[in-house]
Amino acid sequence: MQFEVWAPKAQERVDLRLGGTAPAVLPMERDQGRPGWWTAETATVPPAGTRYGFSLDGGPVRPDPRSRRQPDGPDGRSAVVDQAAFDWRVPWPGRPLPGAVLYELHIGTFTHEGTLDAAAARLAPLAELGITHVELMPVCPFPGTHGWGYEGVSLWAVHEPYGGPEALKRFVDTAHGLGLGVVLDVVHNHLGPAGNHLPAFGPYFTDTHHTPWGAAVNLDAPGSDEVRAYLRESALAWLRDFRLDGLRLDAVHALADHRALTFLEELSTAVDALAADLDRPLFLIAESDLGDPRTTRPRGEGGLGLHAQWNDDFHHALHTALTGESQGYYADFARAPLAALAKTLTHVFFHDGTYSTFRGRTHGRPVDRTRTPAHRFLGYAQTHDQIGNRALGDRLSATLSPGLLACAATLVLTGPHTPMLFMGEEWGAATPWQFFTDHPDPVLAEAVRSGRRREFAAHGWAAEEIPDPQDPATRERSCLDRSEQSRAPHARLLAWYRELIALRHAHPDLADPDLAAVRVAYDEGARWLAYRRGDLRIAVNLSARDVGIPLGGGSGNGAGRVLAAWEPVAAPGADGVLRLPPESCVVLADR
């Protein structure tokens, strides 16, 4: 078996340490055809689970940068993995993004057990709900047992407390058996503050650029070809070896990359090629704060070629319309929230070349609605970021009535974008989703704890009000409580989500990718909004009083049939006016 490592920082030698308590020491040789690479060949193939690591110039033994398993944590030695050993049960043709309904979940809090196997046992209700893809938050190894996953440090491996690589394969196989695609959130813009051994091997980071996490991942400085290959090939390994259907790319706006051919273009090209080789659809979903349609524009048209992106502008407009909040980045949306919501339903970005008060500058770029399919943009009312980055991790269910939660669901699930839910949203989970960590290093743990409290002290919060990220109770509070599903008002909301998702799958108009065909009307003062999707009309009343919504055309000549309604409502009469109760919503068909 050949072992290899890119270690250009090694001056004289690299040793492979192979085995357990008394590891064999195998000197590695320079690969003359690949600068910076070292290789060693073993006479036999070590059994799966065999520990190994690399020592540079007689230094400490470090894990393989491309380790496929870290059974003893990020600082432990790597373990040999036999990728061909897993017995896949389900032939999988893939499931494309158009027509999808995504469901974001965090393995560590989706169940109290916090493992991939426990999560897999809970997937059947999602398939029954009508979900098409689950989107996993990051699963790469990080220090401790519990955390969000965005401090991962071994980008080819699976967090051992979640179950390791075999458990992820079991999860994917179970999901595919239920008809569910699986998307994984991967982080290329930084690594965590503990357990990161990459700098000892080579120039994985550069001081040429600085990010909120410090030195930038090296995408354009000397040595960046190999760093790009490291990231690109890890992405392909997730899709190929674990049979994933797509990747969500965290905060691509934080990738500092000034090369003519950007890393994202390179990655999207490689993923498209892999999809062709595997003969199944694969896709990349970007998280981007740039408001730039070039992110998802095809490469042949001058874009980066990613297949979709999250649209926070839709979230912000919806959030301000529902809650009235106006702090921070919500300020511009809150001035006229229904107008902002109407714009994001029809033009995608609210800031598309307009002035952003929060940023103090003009922001964004218009989407070409005639050429850009709506499914390239994800719409959502809640995400891990938008809940967990609040001081108390409070969901919309903590402050909104069931009727307003139903309105939020209606706008997400009948809008033109690809809808995404956050776990527990479908029944209005009362549990918060808070920021939690499990750093073994007490100095780092205190830095995270005090930093979190300082951040919110600037917004008027007392230190004792902010949950301690290191307290195990913070994670425990964030675990879903499924006993809520059978109780009021949760059961009714869950039934509403099920009804809306079924409508989305049954009516092609709701998955129509034509953004230019969406027609929206609203009344800012009366707090209602209505829009047309083909032969369907959707209306929401966010106010605390009855409203009359002029839809035009009487019964038999307009929106004449109620398909779904949160409260009992009649179709518009001869005057074409829909009379909608307070905090309620309806889906109507013209015929």
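Predicted model: local features only at pLDDT ≥ 70, side-chain atom pairs only at ≥ 80, totals over all residues.
**View 1. The whole chain, with its overall dimensions and make-up.** For a chain of 591 residues, a compact globule would have a radius of gyration near 25 Å, and the 25 Å found here agrees with that. Buried residues account for 58% of the 591. Among contacts with a separation of 6 or more, 70% link residues 24 or more positions apart.

**View 2. Helix α10 and what covers it.** Here we zoom in on residues 337-347, the 11 residues of α10. Eight of them are buried, so the helix is largely enclosed by the rest of the structure. The buried ones are Pro-337, Leu-338, Ala-340, Leu-341, Ala-342, Thr-344, Leu-345 and Thr-346. Their cover includes the helices α8 (312-323), α9 (331-334) and α12 (402-414). Strands β21 (519-523) and β22 (528-533) are also part of that cover. Look just past the end of α10 for Val-348, which takes a positive phi of about 75 degrees.

View 3. Strand β15 runs over residues 283-286. Phe-283 and Ile-285 point one way, while Leu-284 and Ala-286 point the other way. In β15, the residues on both sides are buried. Alongside lies β14 (residues 246-249), which pairs with β15 in the parallel sense over four bridges. To find your bearings, pick out Gly-246, which stands opposite Phe-283 of β15.

**View 4. An open sheet of three strands.** The order across this sheet is β1-β5-β4, and the pairing is antiparallel. Its edge strands are β1 (2-6) and β4 (29-30), each of which pairs on one side only. Strand β5 covers residues 37-41 and pairs with β4 over two bridges, in the antiparallel sense. A handy landmark is Arg-30, whose bridge partner in β5 is Trp-38.

Note on methods:
Residues numbered from 1 in each chain as written. Heavy atoms only, no water. Rg over C-alpha atoms; globule rule 2.2 N^0.38 Å. Buried < 20%, exposed > 50% of the residue type's maximum accessible area, 1.4 Å probe, protein only. Contact = heavy atoms within 4.5 Å. Pairing = 2+ DSSP bridges.
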